[in-house]
Amino acid sequence: MITRLNATQELEGLRQQILASRNQDTLRITVCCGTGCIAQGAKKVVEAFKRELSAQNVNAEVAELKETGCHGFCEQGPIVVIRPQDIFYKKVQVEDVPKIVARTIINGEVMERLLYSVPGNKKEKCTQESQIPFYAKQERVVFKNNAYIDPTSIEDYIAVGGYASLVKVLTTLQSQQVIDTIIDSGLRGRGGGGFPTGWKWQSSKDAAGDIKFVVCNCDEGDPGAFMDRSIMEGNPHLVLEGMLIAAYAVGNVSEAYIYIRNEYPYALKHAYKAIEDAKAYGLLGDNILSTGFNLDIKICRGGGAFVCGESTALMASIEGKVGEPRAKYVHTSEKGLWGRPTVLNNVETLANVPVIFEKGVEWYKSIGTEGSKGTKVFALVGKVNNTGLVEVPMGISLREVIMDIGGGVPNKKQFKAVQTGGPSGGCLPESKLDLAVDFDELTKNGSMMGSGAMVVMDERNCMVDTARYFIEFLEEESCGKCTPCREGLRAIRNILMDICSGKAELEDIDRLEKLCLAVTEGSLCQLGGTAANPVLSSLKYFRSEYEEHITNKYCRAGVCKDLIAFYIKDNCPGCVLCYKACPTWAIIYNGKGVPVTLIQDKCTKCGACLDVCNLDALEVRSVYDNR
């Protein structure tokens with residue numbers, strides 16, 4: 001039964017009580033129940049563990065089953081880690097559970113079949129998480145407790161030091177001292193813009209008004225981005241604590257909002273539970289811990305509009321209006337929600353705040369670069385062996401993230417580009433792999449930190465088609481309020497489609513660049529202001545591909561269907577890989593050792609055959625090539 005805490009010192013008493021009630025010798029079976037692992041059957045694995053622990057008479061003193069948040073290594077889910085030995089099992093299925101209980105939990109044996117193998121060397125097994133290259137170069141600050149605590153248990157959060165930073169702030173610091181600490185830490189907004197967090201808080205504190213708001217942005221509409229979702233799913237109290245500290249620092253804040261997109265059911269469920277439990281313990285609501293500080297946090301569900309990730313559009317949505325941005329000649333920190341001074345930070349930004357007060361400013365400043373302090377959580381996706389969430393110190397190189405942590409490009413394909421920052425980010429080539437990952441360096445080179453999505457591309461990605469894809473996405477998500485974005489993106493998309501279909505002229509490249517600059521300079525909000533980045537960066541680094549599409553009517557990546565045809569080469573050994581992969585039966589098997597036959601009239605140019613062929617037995621030609 002939850003007992004309300006009526007004084008700050010009672011929190012530490014509760015923490016000690018919780019720790020004393022837990023047997024440190026008890027094994028903990030932690031099952032990753034982030035959305036990615038759930039999609040691969042993690043909940044069924046949890047139920048199987050419950051059945052087997054009971055069936056094999058393993059009581060709670062021997063082993064405790066815990067559903068945790070995302071462990072990050074999504075490629076290997078469902079993930080099970082046995083602690084405190086930290087035995088890491090990957091891709092665990094329901095049928096594996098009885099053996100894990102019998103052999104590992106009861107007898108202490110390690111099941112080698114479920115251990116992670118280093119790519120290219122199946123004999124090299126990693127027993128513990130720390131031995132796996134994916135985790136080796138990470139520095140987990142925000143994501144630290146995701147793999148250890150039950151996100152629906154406030155007691156778990158308190159046990160690992162949760163809400164101690166809030167108590168420290170409320171009992172030892174004035175509001176201005178809190179802001180000064182955040183300014184000194186160098187924390188910058190993790191939502192995309194990278195604006196100094198402390199100065200944003202200062203602006204709201206200095207703004208006139210006896211009613212102010214704090215808003216947490218958990219909208220995260222970028223394709224390939226799922227950092228905020230995973231933090232909110234796996235450690236919602238960390239975000240609440242950050243919001244409480246922000247509200248205390250700004251002053252005159254008694255009401256705050258978390259804006260969560262409705263497509264995040266577990267983030268919503270866990271956030272609601274966290275608010276309910278924090279209120280029950282007296283850590284949220286009226287007269288928090290008898291300090292006279294009041295704060296209520298409400299949840300607003302977003303409808304999935306990408307543009308509502310923009311600050312003014314988000315606030316309009318909370319107010320019940322159409323999610324459209326407004327001009328920012330007056331900042332939201334001075335005039336935001338219902339015309340009142342409003343601090344808006346995203347999930348990851350707020351999750352950094354309690355850590356800064358727990359570990360200290362100097363510790364935090366020791367991580368990162370001169371202009372970008374701390375760590376950043378990235379969603380590493382695309383053509384990379386180890387997909388998932390990675391938290392790395394600012395200043396790490398792209399090469400270290402992609403090649404070392406990510407394990408490089410699969411299927412012996414050649415790395416081509418990486419897009420950072422979501423659909424409005426830039427595409428950087430191989431020559432930029434040693435670039436330091438921080439706000440300033442990425443911007444200087446035509447990309448940006450953005451939300452933290454990092455999409456890896458290989459030789460089978462066409463850069464013109466990639467630019468077209470993101471422009472189409474942004475055109476569809478544009479609210480249409482301003483002409484440069486509404487009409488400009490449509491015009492850019494039309495030119496890109498002409499290039500992809502062989503209908504463009506070389507002069508269209510100049511037109512394309514001018515249009516991109518016009519949209520960038522003339523758009524009302526940052527959706528339009530950054531929308532041209534994929535085009536401009538790909539033109540800067542991959543201009544030859546655009547020219548090749550136009551002059552040679554050819555797409556070497558084998559993607560732009562109007563320009564290409566697939567042909568079987570004489571060295572085809574008839575290995576049937578392409579035959580099995582073809583969805584339209586356009587490939588005829590002629591016997592082992594004999595090249596297959598490709599029927600052009602049936603071929604849809606999907607590229608499935610090219611993806612599986614590792615013998616260079618397929619050729620992509622221009623449809624205008626009459627060989």
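Biologist: What makes you say that helix α3 lies across β1, β2 and β3?
Modeller: Contact means heavy atoms within 4.5 Å. Helix α3 (residues 42-55) lies across β1, β2 and β3 (80-83). The helix runs at about 165° to β2. Angles are taken between N-to-C directions, from 0 to 180 degrees, with axes fitted to C-alpha atoms, for helices over the stretch in contact. Helices (H or I, at least four residues) and strands (E, at least two) are DSSP runs, numbered from the N terminus. This is a predicted model, where local features need pLDDT of at least 70, side-chain atom pairs count only at 80 or more, and totals for chains, interfaces and linings use all residues. Residues are numbered from 1 along each chain as its sequence is written, and side-chain values use heavy atoms, without hydrogens and water.

Biologist: Which strands form the open sheet, and in what order?
Modeller: Four strands, in the order β2-β1-β3-β4, with mixed pairing. β2 (63-68) and β4 (87-89) stand at the edges. Each has a single partner strand, so one side of each is left without a neighbour in the sheet. From one strand to the next, the twist averages 20°.

Biologist: How do you know that β1 and β2 pair?
Modeller: Two strands pair if DSSP finds at least two bridges between them. Strand β1 (residues 27-32) and β2 have six bridges, in the parallel sense. So they meet the rule. Opposite R28 stands E64 in β2.

Biologist: Why is strand β7 called mostly covered?
Modeller: Buried means under 20% relative accessible area, exposed means over 50%, and partly exposed is in between (1.4 Å probe, protein chains only). In β7 (residues 212-218), seven of seven residues are buried. Both faces are covered. K212, V214, C216 and C218 are on one side, and F213, V215 and N217 on the other.

Biologist: Which strands pair with β7?
Modeller: Strand β8 (residues 253-261) runs parallel to β7, joined by seven bridges. There, A256 is the bridge partner of V214. Strand β10 (residues 342-346) also pairs with β7 in the parallel sense, over five bridges. C216 faces N345 in β10.

Biologist: Is L289 buried or exposed?
Modeller: L289 has 2% relative accessibility, so it counts as buried. Its phi is near 50°, a positive value in a residue other than glycine. S290 has a positive phi too, about 60°. S290 is partly exposed, because its relative accessible area is 43%. L289 lies in the loop between α12 (265-280) and β9 (296-302), and S290 is in that loop as well.

Biologist: Why is α18 called oblique to α22?
Modeller: Helix α18 (residues 463-477) and helix α22 (residues 533-551) pack at about 135°, with axes 8 Å apart. Under 35 degrees counts as roughly parallel, over 145 as roughly antiparallel, 65 to 115 as roughly perpendicular, and the rest as oblique. So α18 is oblique to α22. The meeting residues include F470 in α18 and F542 in α22.

Biologist: What makes K137 and D404 a salt bridge?
Modeller: A salt bridge needs a side-chain nitrogen of Lys or Arg within 4 Å of a carboxyl oxygen of Asp or Glu. The closest N and O atoms of K137 and D404 are 2.8 Å apart, so the pair qualifies. K137 is in the loop between α5 (133-136) and α6 (154-159), and D404 is in helix α16 (residues 398-405), 267 residues apart. K137 is partly exposed, at 36% relative accessibility.

Biologist: How many salt bridges does the structure hold?
Modeller: The structure holds 41. One of them joins D440 and R188, whose closest N and O atoms are 3.5 Å apart. D440 is in helix α17 (residues 439-444), and R188 is in the loop between α8 and α9 (197-206). R188 has 15% relative accessibility, so it counts as buried. D440 is partly exposed, at 32%.
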